[in-house]
Amino acid sequence: MQLRPAVAVASALLGMSALLTGPADARATPHSPEPLVIGHRGSPVSAPENTLASVDVAARLGITWVENDVQRTKDGALVVLHDTTLSRTTDAEQRYPNRSPWRVADFTLAEIERLDAGSWFDRRFAGQRVPTLGRYLDRVERNRQNLLMEVKAPELYPGIERRITSELRRRGWLDRGHVAHRLVLQSFDAASLRTLHRLRPDLTLGFLGAPKAAELRSYAAYADQINPNHKAVTARYLRAVHALRGPHGRPLRLSAWTVDDACAARSLARMGVDGLITNKPAEIRDALGDGARRSPGAAGPPVRVPAAA
Ligand code: G3P
Ligand code: CA
């Protein structure tokens, strides 16, 4: 996308402000004409979703924001996995044939750590594990990436919000730099977001869904972002979102999911969305050309990441 001169100047200024404030900005800048490209579950077209390999591939591709899904095991550990059962993305059914329906909540961490979370995707990824949130955070940190963390199905895991904030603190993700620029938590569950906001009012939170425009104001009490399915995004809806200020006094932002089509991405970018959550982060970033926002880390030489561990 060709930037108009005035937009290019604004963009350069925003880039400078990002350089001054931190590696990538979760909420500090006003709406940008360039959406942030966020790897949905890492880079799931190239590596098994939500694994460390998926995060590493995203890093190698220069993708500085990744999305994940967090759940809790039977013994209270936090793990990164999308489905509430283990069947689709691990070999749980083969390893534990008598444990139907293979719910995450019915397995201990030790049991889950024995699973192969890579072979279902490709034999090259055999031995990938379901990551604990702790290991995942460390990897994202090591890769100098930023995290859009989804609290998945919190109704199944009462109290998970406190566990998540404890783990974030333990891993160094609740300092000012991370909270202001490198971390966003999101959920389809408004009650869970309200709990997180009570526990840590400084966190940047996103509501997953598309509340009616008339109801957006109530979400703005605790959510800084409204993140709907891309099919629900219209210019009018986006204006309604941007017109409101969130709990930190800044205009609400909107990241749309799951945008895997280049034409749809360009059209949403022209509309002015703030983020595109995509299974094809490199492809969508390249399709946007200059219209994709890159943090300073991604704009420079590619991050060197060792082969998948
Ligand atoms: O980040 C948005 C998206 O992840 C929400 O849907 O089912 O992929 O977690 P889902
Ligand atoms: Ca998700």
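This is a working chat about the fold of one predicted model.

Biologist: What kind of model is this, and how are things numbered?

Modeller: The model is predicted, so local features need pLDDT of at least 70 and side-chain atom pairs count only at pLDDT 80 or more, while totals for chains, interfaces and linings use all residues. Residues are numbered from 1 along each chain as its sequence is written, chains are lettered from A and ligands numbered from 1 in the order in which they are written, and side-chain values use heavy atoms, with hydrogens and water left out.

Biologist: How many helices and strands are there?

Modeller: The chain has 13 helices and 9 strands. Both are DSSP runs numbered from the N terminus: helices are H or I with at least four residues, strands are E with at least two.

Biologist: What share of the residues is buried?

Modeller: Of the 309 residues, 56% count as buried. Buried means under 20% relative accessible area, exposed means over 50%, and partly exposed is in between, with a 1.4 Å probe and protein chains only.

Biologist: And what share of the contacts join residues at least 24 apart?

Modeller: That is 64%, taken among contacts between residues at least 6 apart in sequence. Contact means heavy atoms within 4.5 Å.

Biologist: Let's take α6. Which of its residues are buried?

Modeller: Helix α6 covers residues 160–170, and its buried residues are Ile160, Glu161, Ile164, Thr165, Glu167 and Leu168. Seen down the axis of α6, they fall within an arc of 160 degrees, so they line one face of the helix. The arc is that of the directions from the helix axis to the C-beta atoms.

Biologist: Why would residues three or four places apart point the same way?

Modeller: An α-helix has 3.6 residues a turn, so residues with that spacing point the same way.

Biologist: What is on the other side of α6?

Modeller: Arg162 and Arg170 are there, and both are exposed.

Biologist: What covers the buried residues of α6?

Modeller: The cover includes the strands β2 (65–72), β3 (78–80), β4 (146–151) and β5 (183–187), along with the helices α5 (133–142) and α8 (190–199).

Biologist: At what angle do α6 and α8 pack?

Modeller: The angle is about 45 degrees, and the axes are 9 Å apart. That makes α6 oblique to α8. Axes are lines fitted to C-alpha atoms, for helices over the stretch in contact, and angles run from 0 to 180 degrees between N-to-C directions. Under 35 degrees counts as roughly parallel, over 145 as roughly antiparallel, 65 to 115 as roughly perpendicular, and the rest as oblique.

Biologist: Which residues meet there?

Modeller: Glu161, Arg162 and Thr165 of α6 meet Ser192, Thr195, Leu196 and Leu199 of α8. By class, this contact has 2 nonpolar, 3 polar and 2 charged residues. Ala, Val, Leu, Ile, Met, Phe, Trp, Tyr, Cys and Pro count as nonpolar, Asp, Glu, Lys and Arg as charged, and the others, Gly among them, as polar.

Biologist: Now α11 and α12. At what angle do their axes cross?

Modeller: The axes of α11 (residues 262–271) and α12 (residues 281–288) come within 9 Å and cross at roughly 55 degrees. That makes α11 oblique to α12. On the α11 side the contact is made by Ala262, Ala265, Arg266 and Ala269, and on the α12 side by Ile284, Ala287 and Leu288. The classes here are 6 nonpolar, no polar and 1 charged.

Biologist: Back to α5. Which residues are buried in that helix?

Modeller: In α5, Leu133, Gly134, Tyr136, Leu137, Arg139 and Val140 are buried. Their cover includes α2, β2, β3, β4, α6 and α7 (176–182).

Biologist: What about tryptophan 102: buried or exposed?

Modeller: At 11% relative accessibility, tryptophan 102 counts as buried. Its phi is near 60 degrees, a positive value in a residue other than glycine. Arginine 41, in the loop between β1 (36–39) and α2, also has a phi near 60 degrees. Arginine 41 is buried, with a relative accessible area of 14%.
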